[in-house]
Amino acid sequence: MATEIPTCRWGVVSTGLISSWFVEDLMLNRPDAKAKHIIQCIGSSSLEKGKDFAAKHCPSANPTIYASYDQVYSDPDVDCVYIGTPHSFHKSNCLGAIAAGKNVLCEKSFTINAREAREVLDAAKKKGVYVHEAMWLRHRPLVTELRKLLFQDQVIGDVFRMSSDFSLLVHIPSLPDTSRYKDPKLGAGTLLDTGIYPLTWAFLALDPNTPENSERPTVLATQSHLHGVEVTSSILIQYPSTGRQGIVSSTTMSGGMGDVVCRIQGTEGYIDVHGAAPSHPLSFTVYRRKENTKNDFESKHYDYPRIGRGFFYEADNTALDIAAGRKENEIMPWKETIRVMEIMDEIRKQGGTKYPQDEVLGGLMSIGSLAS
Ligand SMILES: NC(=O)c1ccc[n+]([C@@H]2O[C@H](COP(=O)([O-])OP(=O)(O)OC[C@H]3O[C@@H](n4cnc5c(N)ncnc54)[C@H](OP(=O)(O)O)[C@@H]3O)[C@@H](O)[C@H]2O)c1
């Protein structure tokens, strides 16, 4: 007898780039899918935008189009709300969906700072709903196999260092003032937008623990600003228990850094992860030093199916979680979301990047105080 797979009915909030990528992946015909996905409705700032979005990205789904996000939250036929707005709105969008009793998959960065993340997750706990930060990278089978090779099979010996960079050319002055790349109120800056991926690679490549038990590394960070926006972040990471180091960076000053999105070095070799960007790895090569040589390596390449963009991995896992009644995802549990936000708060404190959302009643909150 064929096993039933769960069905998840999605309410999509916003019609920007990431929502289009997410929805297109949900629409893929995948015979071995772990869950079925229905795009139940789309919420947008305008009916017209919503209709155009549906016609272009999910024409066969025939979703209901709403000219507000609130109608998505209150649609009784929605099992999970997907939030694809700029990070500055994630807190209020999550709180709106949670208040209506909805499960949530919310884009990264989860919020602007750790304080906001705690507020959202406290609300989810009180309401008893599922919330999951959409860090899609962590759900890729490539990452699971890579971590097994690193930490169980120790194919490159003892890992001691990694590096990863996300470089993207964005000409900020020519963007409208309302662009999320330009307006600090919308969370403009590389760290929360793209730097979070190299940072995630550091966590994945250096720490063998499960996300629930991850070790907190120390960070040393510098950030540069242009036009009032953080445009380059460089971060050194060290794990106290092992001395393992990460060198991670992000910039909007230049793109095109080649196809190695992460390099991991061990005492017996190294691994190059290849892809379009650190957010989108496609394959990796293990280079293992030949016996009795210094610089002579044998290599093995690991490739993965290129189906859609790969957002369905996190969507399938979300559907399975909800069907099983879980409130958190084990690949990206709440504790890990807060830890990542706290580390980014610390990097911003060292780098001198503040957002209006860091202000609290009665004055400016010290971002550093959040990291303790
Ligand atoms: N996982 C990934 O690989 C990935 C990639 C890119 C982005 N992201 C994340 O996804 C989020 C959105 O990024 P994006 O590139 O999709 O952004 P985008 O193209 O600018 O779209 C954002 C959408 O949010 C809605 N929105 C509501 N208020 C807004 C405002 N004041 N300004 C701009 N948009 C507003 C708009 O949709 P409506 O008008 O329809 O309401 C807009 O189309 C960010 O948090 C980003 O970090 C993730």
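Guide: Let us begin with pairing, since two strands are said to pair if DSSP finds at least two bridges between them. Please keep in mind throughout that this is a predicted model.

Visitor: What makes β11 and β12 a pair?

Guide: Strand β11, residues 260-266, and β12 are joined by six bridges in the antiparallel sense, and because the definition asks for at least two bridges, the six found here qualify them as a pair. One example is I264, whose bridge partner in β12 is I271. These strands, β11 and β12, form a hairpin, with two residues between them.

Visitor: Why is β12 called largely enclosed?

Guide: A residue counts as buried when its relative accessible area is under 20%. In strand β12, residues 269-277, seven of the nine residues are buried, so the strand is largely enclosed by the rest of the structure.

Visitor: Why is L220 called exposed?

Guide: The word exposed is kept for a relative accessible area over 50%, and L220 has a value of 56%, so it is exposed. L220 lies in strand β8, residues 218-226, and together with L236 and I247 it forms a nonpolar patch on the surface, with about 280 Å² of accessible area in total.

Visitor: What makes one space a cavity and another a pocket?

Guide: In a cavity the probe fits but cannot get out, whereas a pocket is an open set of points. By this rule there is one cavity of 30 Å³ or more, and the largest cavity holds about 70 Å³ of space. The residues lining the largest cavity include L168, I172 and Y181; α7 and β9 are the elements that give two or more residues to that lining, and α7 provides the largest share, three residues.

Visitor: Which residues lie nearest the centre of the largest pocket?

Guide: They are L17, I18, R180, Y181 and D193, out of 34 residues that line the largest pocket. This pocket has a volume of about 890 Å³, and α1 and α7 each supply at least two residues of its lining.

Methods:
Residues are numbered from 1 along each chain as its sequence is written. This is a predicted model: local features need pLDDT of at least 70, side-chain atom pairs count only at pLDDT 80 or more; totals for chains, interfaces and linings use all residues. Side-chain values use heavy atoms; hydrogens and water are left out. Buried means under 20% relative accessible area, exposed over 50%, partly exposed in between (1.4 Å probe, protein chains only). Helices (H or I, at least four residues) and strands (E, at least two) are DSSP runs, numbered from the N terminus. Patches are made of residues with over 30% relative accessible area and no salt bridge: like charges are joined within 9 Å, nonpolar side chains (Val, Leu, Ile, Met, Phe, Trp, Tyr) within 5 Å. Accessible areas come from the Shrake-Rupley method with a 1.4 Å probe; for residues, only the protein chains shown count as cover. A salt bridge is a side-chain nitrogen of Lys or Arg within 4 Å of a carboxyl oxygen of Asp or Glu. On a 1 Å grid over the protein atoms alone, a cavity is a set of points where a 1.4 Å probe fits but cannot get out, and a pocket is an open set with protein on both sides within 12 Å along at least five of seven lines; lining residues have an atom within 4 Å of a point. Grid points are joined across faces, edges and corners, and a volume is the space filled by probe spheres set on the points.
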